[in-house]
Amino acid sequence: MQRIPHCLSYLLVVLLTALTNGACVREDNPVDTPTNNFETLWRIMDEKYCFFSYKAETYGLDWNEVYGRYRPRISDNMSDSQLFEVLCDMLGELRDGHVNLYSAADVGRYWSWYEDYPDNFNHEIQSSYLGTDYRIASGLKYKILDDNTGYIYYESFSSAIGEGNLDEVMDYLSLCHGLIIDVRGNGGGTLTYANTLAARFTNERLLAGYIMHKTGTGHNDFSTPEPEYIDPSNGIRWQKKAVVLTNRACYSSTNTFVRNMKVCPNVTIMGDRTGGGSGMPFSSELPNGWSIRFSACPMLDADMNHIEFGIEPDISVALLDVDIAKGKDTLIEEARHFLKQ
């Protein structure tokens, strides 16, 4: 018998091992069927979503009961559009604007956190206060109103602001007797910008709240709450009274901004309860390639209360029809009056 060279023997062993292992590969992802997509989505949320206990306490959410109601609506013969509708209906039970299902055709979303409430904001009237001669510093529009009140409108925390922008704004408004920061309609964006702006309103480190992280698959498996602080900016800081104007459309990082500003000295929150959205988002994927985004890390205020469903203002003010008829913004007028006291 002819002897096989050592090098060829080694190659044969490697090939046989690869073939053997290839025949035993386990498929980690479920097959792409409506049933498996439903089961995968329900399980992802069950193991990783962060507000089950809080929402069970708040409005009686029972995720197992939700499964029992929606599972009979699933059939492997249903179309993608039918599946998408059922999955979005199920996710709507969470009442969370941070929960989104992404398909190639649509984005599932929950917007009732602000649609079911008064706007308390009229863009046309608000724009009349800015006029056409306002200044723009990156994402900030600002002006000195005719009664020497400083006014800043920040439409979205997705619009960048830098330390240089804020130094210029604070310096320009420094002669004003008070300052209005209007974040109504600001649906959030980059949390860094929210923290950068809040840092201009304190001269010392302040405890703003806490954040927790998921540590297991149980609904109550969280890390010990970690404190979150506001550290004073090294730039120009505001030393006089300030009012933050809010409405229900203040969400996500804007909600966190309001939380942070609430503990700052000389700052008053005025308007309506914010929309909430305190959970830091996390993403995962279903067998069919659809993406799911959801809240994974709950954030609390300085008293360790959840802010997922919004933050109450220090002074409640609603936009009045009688003022709208006069072209006046009730919230801006109340803030101006408050700052002059």
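Trainee: In which sense do strand S7 (residues 206–211) and S13 pair, and over how many bridges?

Mentor: In general, strands of a sheet pair through backbone hydrogen bonds, either parallel or antiparallel. Here S7 and S13 pair in the antiparallel sense over three bridges; two strands count as paired if DSSP finds at least two bridges between them. Gly209 stands opposite Asp301 in S13. Strands (E, at least two residues) and helices (H or I, at least four) are DSSP runs, numbered from the N terminus.

One caution: this is a predicted model, where local features need pLDDT of at least 70 and side-chain atom pairs count only at pLDDT 80 or more, while totals for chains, interfaces and linings use all residues. Residues are numbered from 1 along each chain as its sequence is written, and side-chain values use heavy atoms, with hydrogens and water left out.

Trainee: What is the strand order in that open sheet?

Mentor: The order is S8-S7-S13, three strands with antiparallel pairing. Strand S8 (226–230) and strand S13 (299–301) are at the edges with a single partner strand each, so one side of each has no neighbour in the sheet. From one strand to the next, the twist averages 35°.

Trainee: How about helices: at what angle do helix H2 (residues 34–48) and H4 pack?

Mentor: Two packed helices are described by the angle between their axes and the distance between the axes. H2 and H4 pack at about 170°, with axes 11 Å apart. Axes are lines fitted to C-alpha atoms, for helices over the stretch in contact, and angles run from 0 to 180 degrees between N-to-C directions. H2 and H4 are therefore roughly antiparallel (over 145 degrees). Phe38, Glu39, Trp42, Met45 and Asp46 of H2 meet Trp63, Asn64, Tyr67 and Tyr70 of H4, where contact means heavy atoms within 4.5 Å.

Trainee: Which residues make the contact of H4 with H5?

Mentor: The axes of helix H4 (residues 63–70) and helix H5 (residues 80–92) come within 10 Å and cross at roughly 155°. That makes H4 roughly antiparallel to H5. The contact uses Trp63, Val66 and Tyr70 of H4 with Val86, Asp89 and Met90 of H5.

Trainee: And is helix H10 (residues 253–262) largely enclosed or open?

Mentor: Nine of its ten residues are buried, so H10 is largely enclosed by the rest of the structure. Buried means under 20% relative accessible area (1.4 Å probe, protein chains only). Among the buried residues of H10 are Phe257, Val258 and Arg259.

Methods: Angles under 35 degrees count as roughly parallel, over 145 as roughly antiparallel, 65 to 115 as roughly perpendicular and the rest as oblique. Buried means under 20% relative accessible area, exposed over 50%, partly exposed in between (1.4 Å probe, protein chains only).
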